[in-house]
Amino acid sequence: MSSERPVLLIIADSLSYYGPKGGLPVDHPQIWPTLVAKELGWDVELIARIGWTCRDAYWALTQDPRVWATVPKAGAIVFAVGGMDSLPSPLPTALREQIRYIRPPTLRRYVRAGYQWLQPRLSKLGRPVALPPRLSVEYLEKSRAALAYLRPELPVIATLPAVHRCDAYGRVHAGREPAVRALTAWSSETGVPLVDLGDAVRSNIFSDDANPDGIHWGWDAHVAVAAAMVDEIRRARTAPNDSTNERVR
């Protein structure tokens, strides 16, 4: 029998590795993935980038060889995505993602400046969102089904969107409630447990201890998310087979 410790595989957005002053390395001791792994006595593999949606999580699951290497030894997998999906994105997401490729650099700077000027102003409309709830759920379900085929006993945990007060999004989050409804319905159908990031971080994000950008968290929020995540992972690992997310539709 292998003596290796279980690995907590997390596919996430920047909320998993940003602190009150910016982005941090994946082994930083105060971010919630590290806190969860320490509490469980596991190792952790964090696959994350800023702006990732449920679609990006599916792409990472199917395309990143680090994920392929981790799935066989994972004790649980967490899809900590969906928050970006629910944010207003009045300008096409593809436009934002392609700005970095514009040449020459002078034109790129002008385009980026124009995008940054328009985004918060148009975000006050509240729509469209970066990824509609129907598509968020579709990508999560494709991810769950793929894992259920490979490792039917592997607990899968997902999240409900966090909250924000970010000027870059006009301090608008009209897409959160539709996302919560869609994700909750999917959870009820599949048995995938959900950690409500909004509940965990609300008091922190609206305090002076959060990141000044209004979307990333302070340390208290990381601690709260870690506590909620540990509880859910432990429940998922001890739940009977017929009440967990092991079944395939």
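Pro120 is buried, with a relative accessible area of 17%, where buried means under 20% relative accessible area with a 1.4 Å probe and protein chains only. The model is predicted, so local features need pLDDT of at least 70 and side-chain atom pairs count only at pLDDT 80 or more, while totals for chains, interfaces and linings use all residues. Residues are numbered from 1 along each chain as its sequence is written, and side-chain values use heavy atoms, with hydrogens and water left out.

Pro120 sits in helix H5 (residues 105-122); helices here are DSSP runs of H or I with at least four residues, strands are runs of E with at least two, and both are numbered from the N terminus. Leaving aside neighbours within four places in sequence, Pro120 is in contact with Asp167, Ala168 and Gly170, contact being heavy atoms within 4.5 Å. Cys166 is 46 residues away from Pro120 in sequence, yet their C-alpha atoms are 9.0 Å apart in space.

Beyond its neighbours within four places in sequence, Ile233 is in contact with Leu8, Val36, Leu40, Trp42, Ala76, Val78 and Ile157.

Helix packing can be followed at H2 (residues 54-63) and H6 (residues 133-150), whose axes come within 8 Å and cross at roughly 25°. Axes are lines fitted to C-alpha atoms, for helices over the stretch in contact, with angles from 0 to 180 degrees between N-to-C directions. H2 is therefore roughly parallel to H6, a term for angles under 35 degrees.

The backbone also has some details to visit. Most residues other than glycine have a negative phi, and most peptide bonds are trans. A cis peptide bond joins Arg103 and Pro104, with omega about 0°, and another cis bond joins Arg127 and Pro128, with omega about -5°. Pro104 lies in the loop between helix H4 (93-98) and H5, whereas Pro128 is in the loop between H5 and H6. Arg171, although not a glycine, has a positive phi of about 55°.

Methods:
Parallel < 35°, antiparallel > 145°, perpendicular 65-115°, else oblique. Buried < 20%, exposed > 50% of the residue type's maximum accessible area, 1.4 Å probe, protein only.
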